[in-house]
Amino acid sequence: MRIVFLLEEESMRETLKVLLPKLLPDEIAFQLLSYEGKQDLEKAIIHQLRQWRIPQTYFVIMRDQNSDDCIKLKQRLKKLCQQAGKPNALIRIVCHELEAWFLGDLAAVEKAFNIKGLA
């Protein structure tokens with residue numbers, strides 16, 4: 001079994017390169033494909049998914065929410081996957097950006113560490 005991640009940017013790739021080996025069982029292979037931003041990722045989805053020929057491959061598409069409506073964004077990405085013949089691709093919207101996974105609530109960090117100006 002293989003999971004292929006289509007990622008908006010290199011920072012997502014670097015993050016998952018460290019996290020996934022710790023989270024996934026050894027028998028699950030993964031591949032990380034990063035693109036040059038959200039437009040580049042979205043342009044590549046149909047072609048990349050259609051051209052994939054390795055059996056038992058599952059796809060995860062990750063994109064930052066930025067200022068998009070996350071429901072509409074997810075629907076748009078899902079539609080691209082359907083057009084590519086891979087309607088079961090897993091879509092994950094990173095709210096709001098990848099950095100939020102690490103930093104969380106900046107107001108809380110500011111208060112906890114008594115650091116002015118983070119929020």
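**Entry 1: what I am looking at.** I am working from a predicted model, so I keep that in mind for everything below.

**Entry 2: the sheet.** I began with the strands and found four of them in an open sheet, ordered E2-E1-E3-E4. Their pairing is parallel. I then asked myself which strands sit at the edges. They are E2, residues 29-34, and E4, residues 90-94, and each of them pairs on one side only. From one strand to the next, I read an average twist of 20 degrees. A reminder to myself: strands of a sheet pair through backbone hydrogen bonds, either parallel or antiparallel.

**Entry 3: strand E1.** Next I picked out E1, which covers residues 2-7. How many bridges join E1 to E2? I found six, with the two strands running parallel. For a handy landmark on this pair, I noted that Ile-3 is opposite Phe-30 in E2. I also checked whether E1 is covered, and mostly it is: five of its six residues are buried.

**Entry 4: helices on the sheet.** I moved on to H2, residues 38-51, and saw that this helix lies across E1, E2 and E3. Strand E3 spans residues 57-64, and H2 runs at about 165 degrees to E3. Helix H3, residues 70-83, lies across E3 and E4. Relative to E4, H3 runs at about 150 degrees.

**Entry 5: H2 against H3.** Two packed helices are described by the angle between their axes and the distance between the axes, so I looked up both. The H2 and H3 axes come within 8 Å and cross at roughly 30 degrees. Angles under 35 degrees count as roughly parallel, so H2 is roughly parallel to H3. The crossing of H2 past H3 is right-handed.

Which residues meet here? On the H2 side I listed Glu-42, Ile-45, Ile-46, Leu-49 and Arg-50. On the H3 side I listed Leu-73, Arg-76, Leu-77, Leu-80, Cys-81 and Gln-83. Sorted by class, this contact has seven nonpolar, one polar and three charged residues.

**Entry 6: Met-12.** Is Met-12 buried or exposed? Its relative accessible area is 0%, and buried means under 20%, so Met-12 is buried. I also took a distance from Met-12 to Tyr-35, which is 23 residues away along the chain. Their C-alpha atoms are separated by 9.9 Å.

Terms used. Residues are numbered from 1 along each chain as its sequence is written. This is a predicted model: local features need pLDDT of at least 70, side-chain atom pairs count only at pLDDT 80 or more; totals for chains, interfaces and linings use all residues. Side-chain values use heavy atoms; hydrogens and water are left out. Two strands pair if DSSP finds at least two bridges between them. Helices (H or I, at least four residues) and strands (E, at least two) are DSSP runs, numbered from the N terminus. Axes are lines fitted to C-alpha atoms, for helices over the stretch in contact, and angles run from 0 to 180 degrees between N-to-C directions. Contact means heavy atoms within 4.5 Å. Angles under 35 degrees count as roughly parallel, over 145 as roughly antiparallel, 65 to 115 as roughly perpendicular and the rest as oblique. A crossing is left-handed if the near helix is turned anticlockwise from the far one by less than a right angle, and right-handed if clockwise. Ala, Val, Leu, Ile, Met, Phe, Trp, Tyr, Cys and Pro count as nonpolar, Asp, Glu, Lys and Arg as charged, and the others, Gly among them, as polar. Buried means under 20% relative accessible area, exposed over 50%, partly exposed in between (1.4 Å probe, protein chains only).
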